[in-house]
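Please look over the structure below and follow the briefing beside it. The points move from the parts of the chain to the whole, and then to single residues.

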Amino acid sequence: MSAPRVALIACPAVVRELADDRRAALGAVELDVALHRTPQRLTAALQQAVADAESDPAVEAVVLGYGLCSNAVLGVRAGRVPLVVPRVDDCVALVLGSNEAFLEQARLAAGTYYLSRGWIDSQCTVFHEHDAMVAKYGEARATRLTELLLEHYTRLVLVVTGRYDPAPYRAFAQARARQFGLAYEEVAGTTALVDALVDGPWDERFLVIPPGGEIAFGDFHPMGDCQEDLCRLS
């Protein structure tokens with residue numbers, strides 16, 4: 001039996017963790033990464049994108065390249081086809097491979113800022129915001145503002161999934177760590193969840209919402225089984 005034809009709707013940072021040829025073949029819909037700052041707007045954008053994807057009669061499932069993401073996926077409804085979403089709390093857990101891997105990193109150092117190829121290539125980091133502010137306000141003011149944004153962070157981690165040459169991303173991350181006085185580390189990530197999202201299998205790592213169903217918090221954390229530290233961090 002052939003795999004269903006899927007429509008991928010995802011954060012640009014997640015899409016860029018796919019193999020280049022797979023990303024091109026899928027023609028993913030990438031939503032504005034700035035929507036993460038306003039979860040209600042992201043919810044609305046996701047619902048509209050799902051409806052648009054389902055209007056194609058050839059689509060047999062819609063897959064979301066998002067985690068719980070500050071509850072932004074809650075309330076998104078499946079229409080005529082199943083809706084699939086990774087059972088993780090945010091995009092960091094998605095590239096680390098699981099909520100458990102993310103929680104372990106949080107226990108090592110709660111004040112951690114994460115980078116990966118996806119985030120760097122999509123220019124959706126606080127450091128890219130810093131560069132934009134330099135052009136607008138000048139170096140001194142931009143640095144003060146960025147230091148305020150990073151005041152609770154002590155560590156910068158580059159998540160390396162092994163799918164690409166890490167050298168240019170390492171250079172970027174190390175330079176920014178030095179610039180803002182952050183400890184630098186690299187952590188091994190994985191593309192297993194991202195790959196399985198678009199190619200299967202959709203096992204216990206994923207929520208498969210049936211047609212007409214709606215994503216709920218209990219789908220991610222049944223019976224309130226949410227580890228306190230992880231829920232606070234998501």
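In this predicted model, 24 residues of domain 1 are in contact with 20 residues of domain 2, where contact means that heavy atoms lie within 4.5 Å. Because the model is predicted, local features need pLDDT of at least 70 and side-chain atom pairs count only at pLDDT 80 or more, while totals for chains, interfaces and linings use all residues. Residues are numbered from 1 along each chain as its sequence is written, and side-chain values use heavy atoms, with hydrogens and water left out.

**Domains**
- The domain assignment gives domain 1 as residues 6-89 + 191-231 and domain 2 as residues 93-188, with bounds that come from an automatic or database domain assignment.
- Taken over C-alpha atoms, the centres of domain 1 and domain 2 are separated by 24 Å.

**Overall fold**
- The protein has 12 helices and 8 strands, which are DSSP runs numbered from the N terminus (helices are H or I with at least four residues, strands are E with at least two).
- The radius of gyration is 18 Å, close to the 17 Å that the globule rule gives for 234 residues, so the protein is as compact as a globular protein of that length; this radius is taken over C-alpha atoms, and the rule is 2.2 Å times the number of residues to the power 0.38.
- Along the principal axes, the C-alpha atoms fill a box of roughly 55 × 40 × 30 Å.
- Of the contacts with a separation of 6 or more, 67% are between residues 24 or more positions apart.

**Surface and charge**
- Buried residues make up 47% of the 234 residues, where buried means under 20% relative accessible area, exposed means over 50%, and partly exposed lies in between (1.4 Å probe, protein chains only).
- The protein has 21 positive and 31 negative side chains, and the centres of these two sets lie 5 Å apart; Lys and Arg count as positive and Asp and Glu as negative, while His and the chain ends are not counted, and each charge is placed at NZ of Lys, CZ of Arg, CG of Asp or CD of Glu.

**Two residues**
- Gly27 sits in the loop between α2 (20-26) and β2 (29-30), and Gly27 counts as exposed because its relative accessibility is 53%.
- His128 belongs to helix α7 (residues 126-137), and His128 is buried, with a relative accessible area of 16%.
- Apart from its neighbours within four places in sequence, His128 is in contact with Ile120, Gln123 and Phe172.
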